[in-house]
Amino acid sequence: MKEKLQKLNDQAYWLEFTWNHDHDCADGIYHAPTYSFKFKDPAIQKTTWTVIRPSHLKVLRNDSGLSAADVKNLIIADWFEQENLVRRHHNNLKAQERRAKRKLEVN
């Protein structure tokens, strides 16, 4: 099953799901015109506040002419940049709250 996620610059981007019985979750293969990738650990897709990093990704196809590291950085920018900003902001607020709570407990 393919879900069309977005169309940027007349280029199709889509996500294909299969069920991963080892992790008991959907394993997504993300497709773009010049590359395909998936998460090394499909359980990452189940976590809400994980900031996606290049080390989380496995490039399956690279027709872009870029190195694997550059493609991973491109993937982060294309697919996860906005979500990562929200996640970082949320994680920073939670850390500030936790530190403030600890400071009050000490005093």
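These are worked exercises on a predicted model.

**Exercise 1. Confidence**

Task: Find which element has the lowest mean pLDDT and which has the highest.

Solution. 
- Start with the whole protein. Its mean pLDDT is 83, and 82% of its residues reach 70 or more.
- Go to the elements. Strand 1 (residues 2-8) has the lowest mean pLDDT, at 39. Strand 5 has the highest, at 95.
- Look at the stretch around strand 1. Over residues 1-10 the pLDDT is below 50. Beyond near neighbours in sequence, this stretch has 21 contacts in the model.

**Exercise 2. The largest nonpolar core**

Task: Name the residues that touch the most other members of the largest nonpolar core, and the elements that give two or more residues to this core.

Solution. 
- The core has 15 residues. Tyr35, Phe37, Leu57, Ile75, Trp79 and Phe80 touch the most other members.
- Now assign the elements. Strand 2 (11-20), strand 3 (25-32), strand 4 (35-39) and helix 1 (68-106) each give two or more residues.
- Helix 1 gives the most, with five residues.
- In soluble globular proteins, nonpolar side chains tend to be buried together.

**Exercise 3. A loop residue**

Task: Where is His56 placed, and is His56 buried or exposed?

Solution. 
- His56 sits in the loop between strand 4 and strand 5.
- Its relative accessibility is 18%, so His56 counts as buried.
- Now take its contacts, again without residues up to four places away in sequence. His56 touches Lys38, Phe39, Lys40, Ile44, Thr50 and Val51.

**Exercise 4. Aromatic pairs**

Task: Classify the pair Tyr30 and Trp79, then the pair Tyr35 and Phe37.

Solution. 
- A search of the whole structure finds eight aromatic pairs.
- Take Tyr30 and Trp79. Their ring centres are 5.2 Å apart and their planes are at 85 degrees, so the pair is edge-to-face.
- Tyr30 is in strand 3 and Trp79 in helix 1, 49 residues apart, and the pair links distant parts of the chain. Tyr30 and Trp79 are both buried.
- Take Tyr35 and Phe37. The distance is 6.2 Å centre to centre, with 40 degrees between the planes, and the pair is tilted.
- Tyr35 is buried too, at 1% relative accessibility.
- Collect the rings. Tyr30, Tyr35, Phe37, Phe39, Trp79 and Phe80 form one aromatic cluster.

**Exercise 5. Salt bridges**

Task: How many salt bridges does a search of the whole structure find, and which residues form them?

Solution. 
- The search finds two.
- Asp63 forms a salt bridge with Arg61, with the closest N and O atoms 2.8 Å apart.
- Check accessibility. Asp63 is exposed, with a relative accessible area of 53%. Arg61 is partly exposed, at 27%.
- Lys94 forms a salt bridge with Glu97, with the closest N and O atoms 3.9 Å apart. The cut-off is 4 Å.
- Find the spacing. Lys94 and Glu97 are three residues apart in helix 1, so about one helical turn separates them.
- Check accessibility again. Lys94 is partly exposed, with a relative accessible area of 44%. Glu97 is partly exposed as well, at 48%.

**Exercise 6. Sequence and space**

Task: How far apart are Ala12 and Pro33 in sequence and in space?

Solution. 
- Ala12 lies in strand 2. It is partly exposed, at 31% relative accessibility.
- Ala12 and Pro33 are 21 residues apart in sequence. From C-alpha to C-alpha they are 6.5 Å apart in space.

Notes:
Residues numbered from 1 in each chain as written. Predicted model: local features only at pLDDT ≥ 70, side-chain atom pairs only at ≥ 80, totals over all residues. Heavy atoms only, no water. Core = buried A, V, L, I, M, F, W, Y, C linked by side-chain atoms within 4.5 Å. Buried < 20%, exposed > 50% of the residue type's maximum accessible area, 1.4 Å probe, protein only. Helix = DSSP H or I, 4+ residues; strand = E, 2+ residues; numbered from the N terminus. Contact = heavy atoms within 4.5 Å. Salt bridge = Lys/Arg side-chain N within 4 Å of Asp/Glu carboxyl O. pLDDT = per-residue confidence, 0-100. Phe/Tyr/Trp six-rings, centres within 6.5 Å; stacked < 30°, edge-to-face > 60°.
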